[in-house]
Amino acid sequence: MTHSRRIFFPLLPTILLAGVLLWMATGCAHKDKSEPSHTVLYDTTGLRNGDLLFRTGHGYESRVVTNLSAGNFSHIGIAYHDGKQWCVLHAVPGEAAKGEPEYLKCEPVGEFFRPDRAKAGARARVDCGDSIADVASQHALQLVQRKVLFDNHYDLDDTSTLYCTELVRLIFADCGIDLCEDRWHRVPIHTNGPVVFPEDIWNSPLLTDKIIFENQY
């Protein structure tokens with residue numbers, strides 16, 4: 001065996017793990033040039049703080065997420081009105097400016113459903129009072145303002161950094177609402193425990209008023 005092979009094979013598990021975690025980058029999937037352009041016709045009518053917004057990205061990363069979860073969505077965020085417009089609070093890798101840390105984000109809903117980021121979308125409401133939903137959204141906003149980083153290790157036991165579903169799970173769990181229950185997945189060679197996918201939250205019996213947005217091609 002050559003010296004280069006002796007170096008490569010011990011690194012193989014790390015390389016594979018990096019690949020799987022890249023596939024799990026729920027919001028930053030690269031758009032395939034061969035795919036048609038999609039415009040998600042999202043509707044903010046009747047939204048309230050704390051409603052959940054789902055999207056499906058373009059490209060192989062999103063396809064892997066949806067295939068692993070047997071679902072339709074690869075990313076999730078929380079609706080929040082900042083007094084002027086509807087925004088989305090969410091955790092996503094790959095969208096920070098070059099050289100900038102990947103902090104949690106608060107951005108206009110139109111940016112969340114930008115055609116180069118989303119080819120499908122939906123919304124759902126957690127079955128709780130308006131005041132509880134508002135508390136959850138305020139908690140998410142505080143985490144954004146604290147500049148919490150994206151969780152590149154996808155570790156549910158460490159809430160010092162957060163990925164998209166981990167953020168949603170955390171803020172509602174702190175309000176006494178379990179949106180995941182026993183819905184989670186084991187990802188091959190992922191050593192940091194179970195992973196929660198957007199579909200695991202979409203399938204919660206505590207979600208009501210589910211609306212899948214239409215697309216314009």
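## Close-up views of a predicted protein model

**View 1. Strands β3 and β4 sit side by side.** Four bridges join β3 to strand β4 (residues 86–90), and the two run antiparallel. Strands here are DSSP runs of E with at least two residues, while helices are runs of H or I with at least four residues, and both are numbered from the N terminus. Two strands count as paired if DSSP finds at least two bridges between them. Look for H81, which stands opposite W86 in β4. The strands β3 and β4 form a hairpin with four residues between them, and G83 in the turn has a positive phi of about 100 degrees.

**A note before the other views.** This is a predicted model, with residues numbered from 1 along each chain as its sequence is written. Local features need pLDDT of at least 70 and side-chain atom pairs count only at pLDDT 80 or more, whereas totals for chains, interfaces and linings use all residues; side-chain values use heavy atoms, with hydrogens and water left out.

**View 2. The whole chain, for orientation.** The protein chain holds six helices and ten strands. Of its 217 residues, 49% are buried, where buried means under 20% relative accessible area, exposed means over 50% and partly exposed lies in between (1.4 Å probe, protein chains only). The accessible surface of the chain comes to about 10,700 Å², and carbon and sulfur atoms supply 53% of it; these areas come from the Shrake-Rupley method with a 1.4 Å probe, and for residues only the protein chains shown count as cover. Among contacts with a separation of 6 or more, 71% link residues 24 or more positions apart; a contact means heavy atoms within 4.5 Å.

**View 3. Where to read the model with care.** The predictor's confidence in each residue is its pLDDT, on a scale from 0 to 100. The chain averages a pLDDT of 84, and 82% of the residues score at least 70. Over residues 1–18, however, the pLDDT is below 50, and this stretch has eight contacts in the model beyond near neighbours in sequence. Residues 23–34 also stay under 50, with 38 contacts beyond four places in sequence.

**View 4. Strand β4 and its neighbours.** Strand β5 (residues 105–108) pairs with β4 in the antiparallel sense over four bridges, and K105 in β5 is the bridge partner of H90. Strand β3 (residues 75–81) is mostly covered too, with six of its seven residues buried. Four bridges also join β3 to β2, again antiparallel, and here L53 stands opposite G77.

**View 5. A cysteine without a disulfide.** A disulfide is a covalent bond between the sulfur atoms of two cysteines. Counting pairs of cysteine sulfur atoms within 2.5 Å, the model has zero disulfides. C87 is in none, and the nearest cysteine sulfur, that of C106, is 4.2 Å away. With a relative accessible area of 3%, C87 is buried.

View 6. R55 is found in strand β2 (residues 52–56) and counts as buried at 0% relative accessibility. A polar atom of the R55 side chain lies 2.6 Å from the backbone oxygen of F112. R117 belongs to the loop between α3 (109–112) and β6 (120–126), and R117 is buried at 11% relative accessibility. The side chain of R117 makes a polar contact with the side chain of E107 (3.3 Å). A polar contact is a pair of N or O atoms within 3.5 Å; within protein, one must be able to donate a hydrogen and the other to accept it, and residues adjacent in sequence count only if both atoms are side-chain atoms. The R117 side chain also reaches the backbone oxygen of E111 at 3.2 Å. Leaving aside neighbours within four places in sequence, the residues in contact with R117 include R55, F112 and K105.

**View 7. Helices α5 and α2.** Eight of the ten residues of helix α5 (residues 164–173) are buried, so the helix is largely enclosed by the rest of the structure. Among these buried residues are C164, L167 and F172. In helix α2 (residues 60–69), the buried residues include E61, V64 and S69. Just after α2, A70 takes a positive phi of about 55 degrees.
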